[in-house]
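Colleague: I am new to this structure. Could you walk me through how to read it?

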Amino acid sequence: MEADPSVFVMGQGVDDPWAMFGTTSGLSGRFGPDRVFDTPLSEAALAGVATGAAICGLKPVYMHNRPDFLLLAMDQIANHAAKWTQMYGGRAGKVPLVVWACTGRGWGAAAQHSQALHGLFLHVPGLKVVLPSSPGDAKGLMLAALADPGPVMVFDHRDNFRLTGPVPEGPYFTPIGRGIIRRAGRHVTLAAVSSAVVMALGAAETLKEKGIEAEVVDLRSAKPLDAALVAESVRRTGRLVVMDTGYPAGGLAAELVARVAEAAFGAFLAPPLRIGIPDLSVPASPTLEAAYFPSKGGVVRAIMGLFG
Amino acid sequence: MSLNTRKSLGLFRAMLRIRRVSEAIEAEYPENSMPTPVHLSTGQEAVSAGVCAALSPSDMVFATHRCHGPYLAKGGDLNAMMAELFGKSGGSSGGFGGSMHLVDRGAGFMGGSAIVGGNLGIATGAALASRMKGDGRVTAVFFGDGAADQGVLYESVNFAVLKKLPIIYVLENNGFSVCSKVSARQAAPSVFLKGVDKRLLKASSIDGNDAVAVLALAERAVKRARAGQGPSFMECVTYRIAGHAGPADWDVEGYRDQKELVRWKRRCPVQRLKRRLVKQGVDSDVFSRMENETAAEIGAAFDFARKSPLPDSSDLFQAT
């Protein structure tokens with residue numbers, strides 16, 4: 001915001017003491033109410049407002065406490081922001097819009113406060129979808145999203161808010177659409193996003209004790225998707241496990257498995273495996289939550305299953 | 001010639017142009033040379049002409065699928081419009097948009113959306129950008145009674161009032177959403193304005209077939225917007241002479257009373273203003289000159305559209 005006066009931040013409560021779980025802390029005091037402002041609970045219109053402002057040369061960041069609320073804004077995101085550039089043949093301008101939402105889980109947040117909806121947006125031409133897994137990428141991907149000429153959806157995960165890690169000073173950009181190998185290994189490829197990367201790295205440690213060296217690929221972007229990097233890894237390891245924070249059906253994991261199979265089918269020594277959340281609404285009670293979300297033990301057992 | 005007569009003649013020219021373009025499209029359409037659904041503004045010309053006459057070239061207009069009228073009235077390039085309808089690369093959207101997604105940013109026509117309430121929020125955002133940048137531009141957004149069924153209207157107006165945005169919401173109430181009458185969709189006339197607090201939102205309902213009245217109201221709304229007094233809401237009561245889409249004689253039967261149609265045809269906004277101008281002493285030569293100029297311009301635009309090449313398949317990725 002210091003570097004670019006056209007950037008502004010809007011969203012329900014971005015200037016309140018909660019400050020989007022601390023994400024926007026101090027922004028309103030520093031940049032004032034014209035550039036950091038609270039919004040009515042009008043997601044449909046306000047997503048349009050952000051789109052319209054972007055068309056007119058500003059760079060809005062429209063923030064949502066939960067991705068569940070994005071469904072109210074789906075018309076503006078999928079029918080308008082995503083389409084605007086292409087449906088006018090590029091003559092109506094670009095839409096440099098960032099939509100941010102915080103995926104949560106746990107503590108009984110239940111069916112409408114814990115959804116992982118990034119898979120829905122993969123299906124819409126014209127959008128980019130990024131999911132940081134580290135403090136450094138949270139900054140680098142946000143700055144890349146702001147620099148992007150088109151609409152970018154950023155899904156942060158609340159579990160990641162507890163992470164610590166290096167965050168370089170000054171501006172830098174994590175490239176959208178390029179994954180990174182977080183840990184090298186030769187027996188199985190664990191391709192993951194967001195907080196699932198943390199779980200994949202933990203699982204890789206446990207697998208090492210069992211003599212299995214897992215390669216962990218952090219996709220960083222779900223769209224564009226760096227399937228080439230994963231296919232290259234699978235050519236070395238022969239096994240693919242996609243670990244997603246979302247639903248496997250028709251989502252990121254389904255897409256990645258399909259793309260890698262298209263590119264490197266002959267490399268598979270075992271069937272690919274998708275690990276995500278079940279095709280059920282998120283339950284509230286702690287025992288049900290524990291059964292719902294993947295556990296490290298369960299993930300390790302599932303991966304071990306690929307080795308007969 | 002008085003200032004009022006000159007202004008009225010300008011309105012008449014804008015309306016005549018929209019009407020004659022619609023007629024030319026209707027005549028050509030059965031030839032299948034325009035492979036896109038067309039939603040004509042026949043009968044509603046006074047709304048586009050009146051509102052756009054109150055705006056400066058740098059002001060912005062957003063519209064719906066029924067966007068030919070606002071596009072032309074705002075000064076959109078007729079050649080580019082016709083080429084777009086023909087699906088040609090010289091079209092306003094390079095052949096990507098079709099008739100529902102005309103755009104001419106140079107003229108301040110920002111685009112038509114086929115989602116009827118879709119541009120309400122976007123136009124509100126354009127007005128927010130104007131306020132944040134202090135560029136002094138006013139935005140007008142055209143939408144129909146169908147969009148007034150949608151919640152995004154109330155959300156957008158609330159935000160515009162909250163932030164005192166320089167925007168004019170122009171409701172073209174033409175009585176129908178495809179074939180569904182307003183009475184089947186809304187509990188009372190102007191139900192969206194019931195209980196509106198006049199201290200917050202300047203809202204008026206007027207005869208949308210009276211271009212002079214539309215212009216006068218729009219001028220007041222533009223003045224309010226430029227003075228930082230916030231949004232205005234104009235309901236322009238009009239009627240869709242053409243059907244929902246395509247030439248008038250392709251309109252389906254059985255959803256409206258033909259007597260009603262005849263009654264509204266008698267209230268034609270173009271003829272009505274012409275009669276007034278004749279009374280004000282405008283010579284018949286003026287009208288015939290205008291007719292000739294319009295016909296020549298339209299003929300040239302159709303030629304341009306026919307001669308423009310179709311997009312190449314390699315153009316598919318040009319706007320990604």
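Modeller: We will take the interface, a sheet, a strand, a helix residue and the cysteines in turn. Keep in mind that this is a predicted model.

Colleague: Let us begin with the interface. How many residues of chain B are in contact with chain A?

Modeller: On the chain B side, 40 residues take part, and they meet 33 residues of chain A.

Colleague: What area is buried between chain B and chain A?

Modeller: The size of an interface is often given as the accessible area lost when the parts come together. Here chain B and chain A bury about 2700 Å² between them. Carbon and sulfur atoms give 65% of that area.

Colleague: How many salt bridges does the rule find across this interface?

Modeller: The rule finds one salt bridge between chain B and chain A. Asp34(A) forms a salt bridge with Arg131(B). Their closest N and O atoms are 3.8 Å apart; the cut-off is 4 Å.

Colleague: Now a sheet. In what order do the five strands of the open sheet in chain A lie?

Modeller: Read across the sheet and the order is β7-β9-β8-β11-β12 in chain A, with mixed pairing. The edges are β7 (180-183) and β12 (273-275) of chain A, since each pairs on one side only. On average, neighbouring strands of this sheet are turned by 25 degrees against each other, direction ignored.

Colleague: Which helix packs on the sheet?

Modeller: Helix α11 (residues 296-304) of chain A does. This helix touches β8 (188-192), β11 and β12 of chain A. Its direction makes about 175 degrees with that of β12(A).

Colleague: How many bridges join β11 of chain A to β12(A)?

Modeller: Three bridges join them, and the two strands run parallel. Strand β11 covers residues 240-243 of chain A.

Colleague: On to chain B. Why is strand β3 of chain B said to be largely enclosed?

Modeller: Count its buried residues. Strand β3 (residues 139-144) of chain B has six of six buried, so the rest of the structure largely encloses it. Then check each face. One side of β3(B) carries Thr139(B), Val141(B) and Phe143(B), and the other Ala140(B), Phe142(B) and Gly144(B); all are buried.

Colleague: Which strands pair with β3(B)?

Modeller: Strand β1 (residues 60-64) of chain B pairs with β3(B) in the parallel sense over three bridges. Within that pairing, Met60(B) has Thr139(B) as its bridge partner. Strand β4 (residues 167-173) of chain B also pairs with β3(B) in the parallel sense, over six bridges. There, Phe142(B) is partnered by Val170(B).

Colleague: What does Ser48(B) touch?

Modeller: First place the residue: Ser48(B) lies in helix α2 (residues 45-53) of chain B. Ser48(B) is buried, with a relative accessible area of 1%. Leaving out residues up to four places away in sequence, Ser48(B) touches Ile18(B), Gly69(B), Pro70(B), Ala73(B) and Phe142(B). Phe142(B) belongs to strand β3(B) as well.

Colleague: Last, the cysteines. How many disulfides does the structure hold?

Modeller: Over all chains, zero. Take Cys52(B), which is in no disulfide. Its nearest cysteine sulfur is that of Cys236(B), 11 Å away.

Definitions and conventions: Residues are numbered from 1 along each chain as its sequence is written. Chains are lettered from A and ligands numbered from 1 in the order in which they are written. This is a predicted model: local features need pLDDT of at least 70, side-chain atom pairs count only at pLDDT 80 or more; totals for chains, interfaces and linings use all residues. Side-chain values use heavy atoms; hydrogens and water are left out. A disulfide is a pair of cysteine sulfur atoms within 2.5 Å. Two strands pair if DSSP finds at least two bridges between them. Helices (H or I, at least four residues) and strands (E, at least two) are DSSP runs, numbered from the N terminus. Axes are lines fitted to C-alpha atoms, for helices over the stretch in contact, and angles run from 0 to 180 degrees between N-to-C directions. Contact means heavy atoms within 4.5 Å. Buried area is the accessible area (1.4 Å probe) that two parts lose on being put together, summed over both. A salt bridge is a side-chain nitrogen of Lys or Arg within 4 Å of a carboxyl oxygen of Asp or Glu. Buried means under 20% relative accessible area, exposed over 50%, partly exposed in between (1.4 Å probe, protein chains only).
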